[in-house]
Amino acid sequence: MKEKKVAVRMVKKALMALILSCAGHGAGVALAGTGTVTGTGGKPQSSGKEVRIVNPYAQVDWAKVEFLHSFSHQHGRDPQVFWDMGFRHLPFSNYYPSRPVYPLPEVFVKAHPDTIGAPNAEQHSTIDSGIHFNAMGSYYTTGYGKTPRINADVAPIEHVFSDLNVFDAQKSPWLGIYRLDLSIAHKSGTDKEVAVKLTIQGASQVNHKTFTPVGDGAVRERLLTAKSLETLYLKTESNSVRVRLDFDPASTCITRFRLMQEVNRPWQDAFRAALDGVRKDSDGRPIEGLLFPDGGGITINHPRNSVESLAEMLDFDPRVLGIEVWNMYYAVHDHAGFGGTKDGPGMEFYRRWDGILRTGRRCFGFFVKDHTSDGQGRNVLLVPPSAGLARDKRERNALRAYREGCFFGLLGAMAVDKAGSVVAPYDYSQFRFARIAVRETDGGEPVGVEVAVTGADRTQRPNTQIRFITDAGVAHIANGDQAYFAFPRSATGSVLCRYVRVEAFAYPNTNLGGRPLPAAALSKMNVHEISCLHELSPSAVGPADQAPIPVVDMIFSQPILVLTKNRFPPSTASVN
């Protein structure tokens, strides 16, 4: 009975979204927050009795569209570095504090008038989930970060952290919770035990999730050793907190000493603040809510949560856009940009993407560098021609492209100099989709997806392979710049797949120091294996799954949803 009620509620949500969007849009039908249901060339597609298509590229004028290189999750301070890499949309996302870098520095904008930005910041440490998320286009600002300069060879160390929020249980209690990070280490040349006595005035220790005291909360001459916890959560009792460290400099070294602050709220409350909040700082500047109501949204970063947990977040609001499928930070540290651990590249981010899509949900895929700058990972936005448009119009178009899924992921082959060293613009490539369209019969019945790609450097990568991915896996492989995939059908003619997404690769004739790389060999590889292809001989490289210098351009479309009359996507009402 419970499952039946849930199913009925899901259908009602979908129908309500259909009604609302019909009232608000003259062209196309938005269905359950999943995009605009249209056919090719921007014309409304026949909704028919059997199949509806949700194609994020349906309104793209491929003859006029501009390809704007962007990032959704990128730590950085110097916009010039990223300009030199070919990025023209620079929505930086830093933390400690999590504060948008927006607008971009005036001097930089004057030097590069074509560049645009957007408010964005990475958020983390909600009290009920381990997720990190970005809120593209949102002013959402949280946190605090202070790392005092200390002389580690002089004791005691004493510092007053000032300008803090005082804990108020009735009003925004999360603002009065801070995190003290303290790491100590043994000093070489002595056998004395590592020890520090920690005293805190102006705050008490609490549980991070409940804000209740740990013991009596007092921290007075507490003895810490190398085995002690490195993090204490504090509830402020004053707008300044004094921290004192007593230790023997001959035996003990302080390797980390900082006070930080995070989200400290349930993830749903944080999402609401990012999307619809109205708070402002003391100077009247917004620190919550969206720059443009119809642009941007939330991305879930390096997703380690279960498909069920991620689905709950996607269902929370259609402006929760999707998950990261590639994260360069994990490629560097775990040799697994598509997700995995040091024990092996399980492609967990990539597999979660398809796992979510198999449920019928809309979920966009994002490809990012994260903390790295010289690796791979880009989102290429498809935006209208920008000539003559004011900056705010161009910024809105970029954020609308993210909201509507009108972009694709790019992992470009790395640029090298004559000596073979990686150089800027690093993974920049003009390899791109030239067309993604749903083919229809004369009667308006959707029958398949046609794709064309272009822009590859044919002197380096003369070969192209296109793959169509459905809920059944790799459904079709074509070698060439154009391909067509017919929707699989049952014996009665019903469409069998829930979604179609497209991957395309531009690749060289050889790899591994001159070994042939035929299409048949590439066809047997998964995307992780393709991302690791390189030209060095096997004897010249380290781990087998770590590409020294990747040589393949890889692009990834957003999913085209295939909705049948008995299959509604389990999403909430559309917000446009």
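Me: Ok, which side chain does the side chain of aspartate 481 make a polar contact with?

Reply: The side chain of threonine 464, at 3.0 Å. A polar contact is a pair of N or O atoms within 3.5 Å; within protein, one must be able to donate a hydrogen and the other to accept it, and residues adjacent in sequence count only if both atoms are side-chain atoms. Before we go on: this is a predicted model, where local features need pLDDT of at least 70 and side-chain atom pairs pLDDT 80 or more, while totals for chains, interfaces and linings use all residues. Residues are numbered from 1 along each chain as its sequence is written, and side-chain values use heavy atoms, with hydrogens and water left out.

Me: Got it. Where does aspartate 481 sit?

Reply: In the loop between β24 (473–479) and β25 (482–486). Strands here are DSSP runs of E with at least two residues, helices are runs of H or I with at least four, and both are numbered from the N terminus. Aspartate 481 touches Val451, Ala452, Val453, Arg458, Thr464 and Ile466, leaving aside residues up to four places away in sequence; contact means heavy atoms within 4.5 Å. Take valine 453: it is 28 residues from aspartate 481 in sequence, but the C-alpha atoms are 5.3 Å apart in space.

Me: And why does aspartate 481 count as partly exposed?

Reply: Because its relative accessibility is 34%. Buried means under 20% relative accessible area, exposed means over 50%, and partly exposed is in between (1.4 Å probe, protein chains only).

Me: Switching to salt bridges. How many does the structure hold?

Reply: 29. To count, a side-chain nitrogen of Lys or Arg has to be within 4 Å of a carboxyl oxygen of Asp or Glu. Some are joined up: Glu158, Arg242, Arg244 and Asp246 are linked in a network.

Me: What does lysine 369 form a salt bridge with?

Reply: Aspartate 427, with the closest N and O atoms 2.7 Å apart. That pair links distant parts of the chain, 58 residues apart: lysine 369 is in the loop between β18 and β19, and aspartate 427 in the loop between β20 (407–411) and β21 (432–440). Lysine 369 counts as buried because its relative accessibility is 1%, and aspartate 427 is buried at 0%.

Me: What about glutamate 348, what's its partner?

Reply: Arginine 352, with the closest N and O atoms 3.0 Å apart.

Me: Which loop is aspartate 370 in?

Reply: The one between β18 (364–368) and β19 (378–383).

Me: Then tell me about β19. Are its faces covered or open?

Reply: Both are covered: Arg378, Val380 and Leu382 are buried on one side, and Asn379, Leu381 and Val383 on the other. It pairs with strand β4 (residues 66–70) in the antiparallel sense over five bridges, and valine 380 is the bridge partner of histidine 69. β19 also pairs with β20, antiparallel, over four bridges, with arginine 378 opposite leucine 410. Two strands pair if DSSP finds at least two bridges between them.

Me: Last one: what's the strand order in the open sheet of five strands?

Reply: β5-β6-β16-β17-β18, with mixed pairing. β5 (122–126) and β18 stand at the edges with a single partner strand each, so one side of each has no neighbour in the sheet. Inside the sheet, β16 (residues 297–301) and β17 (residues 320–327) run parallel, joined by three bridges. Helix α8 (residues 391–404) lies across β6 (129–136), β17 and β18, at about 125° to β18. For that angle, axes are lines fitted to C-alpha atoms, for helices over the stretch in contact, and angles run from 0 to 180 degrees between N-to-C directions.
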